Amino acid sequence: MKMDFDLIVRQATPPNGGVTDLGILDGKIVAMDQDLSGKASREMDATGKIVMPGVMDAHVHFNEPGRTNWEGFETGSRSLAAGGGTCFFDMPLNSSPPVLNAAAVEEKRRLAEDKSLVDFAIWGGLTPDSIANMDEMAAAGVIGFKAFLCGSGLDEFSSADAKTLQRGMELAVLLDLPVAVHAEDDAWIARHHLANPSKRPGSMRDWLESRPVEAELAAIQMALELAAETGADLHVVHVSHSKGLKLITEAKEAGVRVTAETCPHYLLVDDEAACVIGPAAKCAPPLRGRDAVLGMWKALRQGWVDTIGSDHSPASLDLKQGEDVFAMWGGISGCQHGFELLCNEALRGKIGLQDLARMFSWNVARRFGLPRSKGGLRIGADADFFLLERSPDEIRERDLLYRHAMSIYTGQSREWRICSTWQRGEKVTDASRGRFLKPDHGG
């Protein structure tokens, strides 16, 4: 006898409140209502649990191929899934070689298909060396092109000056793909260093003060002007300050095609905490002061942020050691707990839980032109979701699933934790049992 559903999730609380059952058939949500009738192969009691759409993290560095010892698709996707993730977009660096041509796209896809627990897409690189290859990368299926407007930290991924960015944007328009930028201005940073020489070896405080927000604003402004001139579809990643979000919002209102991403760490950790945490908190743009963090929350509530991505950028532990913070790798491991902690902040009243879910799910899917089945909790969508349960504790090092147990969130308290993540109606993770399953990726 044919079942009405493969799975019914009973008595779950959606982001907008209330209680609902989810009826799932063939990997999709086909019914949402209280007390669903009908037969199901499986039922799950979610009483007291909050159901959230799966995180679509458009900004991770899983570093494979070439630097799997830093992370890799297996451990990276496992950590993301434990943090509510059901899809990621892998950046063109820090894999080696970086994704600068179609062959690199195909190799990364092959590895991700073999190892990833969840769905994925791949960014192509926009560098002086890759301009000639943008059409072949588009044909190979990249989600867009990523450029650094400052040094990337890796010689094999060159920065894009204004001329390179303009040409890349012009080509991206023809290819109908977005251009994402890491917005910091090297020339501005260099002038700041001349006027305010940094001590070497430098402390975390020295590092934070070496990259003021003005360098970020200058690069954002340049990218906005080129997007206006070329008609490019611009995405400014990891915006760290509300002043940058304001520039982007004003440009959007003036007709520029642009969206803004920020990251959990710019909402959860300030500069004082970074100095206590140490090397694990080094990133670029750097973590900002307490007033800047409060400003970011205000901007979030005002709707100035389009998407939230983790910018998960791990490295081996030896690259985070030594006396000189300037010499250390800059990147935060954050995809496992950043979104969970933001949910906790939302449940404390800092922002509506539904608004937060939109920024890490629905908005990502729509912004990057994914199929309508992706993003959000609604009838017809893929059954990609996670469940939050009330379980007060603090994040411990032994909880970390990254290849290297380092996180800026270790020691932070949480009232709610992610207890399981589901993709197309199949359980990917179960925190209570430490399970990690590999579902069929389907289409």
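Predicted model: local features only at pLDDT ≥ 70, side-chain atom pairs only at ≥ 80, totals over all residues.

I started with the open sheet whose six strands come in the order 9-10-11-12-13-14, with parallel pairing. Strand 9 (124–125) and strand 14 (307–308) are its edges, each with a single partner strand, so one side of each has no neighbour in the sheet.

Strand 9 runs parallel to strand 10 (residues 145–148), and two bridges join them. I looked up glycine 125 and found lysine 146 in strand 10 as its bridge partner.

What packs on this sheet? Helix 7 (residues 213–230) does, touching strand 11 (179–182), strand 12 (234–236) and strand 13 (258–262). The direction of helix 7 makes about 170 degrees with that of strand 12.

**Helix 7 against helix 8.** For two packed helices, the description I want is the angle between the axes plus the distance between them. Here the axes of helix 7 and helix 8 (residues 242–253) come within 9 Å and cross at roughly 15 degrees. Angles under 35 degrees count as roughly parallel, so helix 7 is roughly parallel to helix 8. I noted the crossing as right-handed.

Next I listed who makes the contact. Helix 7 contributes Leu217, Ile220, Gln221 and Leu224, while helix 8 brings Lys243, Gly244, Leu247, Ile248 and Ala251. By class, the residues of this contact of helix 7 with helix 8 come out as six nonpolar, two polar and one charged.

On to the open sheet with three strands in the order 6-7-8, where the pairing is parallel. Its edge strands are strand 6 (55–60) and strand 8 (119–122), each pairing on one side only. Neighbouring strands in this sheet are turned by 20 degrees against each other on average, ignoring direction.

Strand 6 pairs with strand 7 (residues 85–90) in the parallel sense over four bridges. Within that pairing, I checked valine 60: its bridge partner in strand 7 is aspartate 90.

Two helices to log here. Helix 2 packs on the sheet and touches strand 7 and strand 8, its direction making about 170 degrees with that of strand 8. Helix 13 (residues 353–367) packs on the sheet too, touching strand 6 and strand 7, and its direction makes about 70 degrees with that of strand 6.

**Helix 1 against helix 2.** The axes of helix 1 (residues 73–82) and helix 2 (residues 102–115) come within 9 Å, crossing at roughly 55 degrees. That makes helix 1 oblique to helix 2. Helix 1 passes helix 2 in a right-handed crossing.

Which residues meet? From helix 1 I have Phe73, Glu74 and Ser77, and from helix 2 Lys108, Leu111, Ala112 and Lys115.

The buried ones are Phe73, Thr75, Gly76, Ser77, Ser79, Leu80, Ala81 and Ala82. Just after helix 1, I flagged glycine 84 for a positive phi of about 95 degrees.

**Strand 5.** Both faces of strand 5 (residues 50–53) are covered, with Ile50 and Met52 buried on one side and Val51 and Pro53 buried on the other. Strand 5 pairs with strand 15 (residues 385–394) over four bridges in the antiparallel sense. Opposite methionine 52 stands phenylalanine 386 of strand 15.

**Two single residues.** Is alanine 140 buried or exposed? Its relative accessible area is 9%, and the cut-off for buried is under 20%, so alanine 140 counts as buried. Alanine 140 lies in the loop between helix 3 (134–139) and strand 10. Leaving out neighbours within four places in sequence, alanine 140 is in contact with Ala102, Val105, Glu106 and Arg109. I also took a C-alpha to C-alpha distance: alanine 140 and alanine 381 are 26 Å apart in space and 241 residues apart in sequence.

Last entry: asparagine 344, which lies in helix 12 (residues 338–347). With a relative accessibility of 1%, asparagine 344 counts as buried. Neighbours within four places in sequence aside, asparagine 344 is in contact with Arg414, Glu415 and Trp416.

Terms used:
Residues numbered from 1 in each chain as written. Heavy atoms only, no water. Axes fitted to C-alpha atoms, helices over the stretch in contact; angles between N-to-C directions. Parallel < 35°, antiparallel > 145°, perpendicular 65-115°, else oblique. Left-handed = near helix turned anticlockwise from the far one by under 90°. Contact = heavy atoms within 4.5 Å. Buried < 20%, exposed > 50% of the residue type's maximum accessible area, 1.4 Å probe, protein only. Pairing = 2+ DSSP bridges. Nonpolar A, V, L, I, M, F, W, Y, C, P; charged D, E, K, R; others polar.
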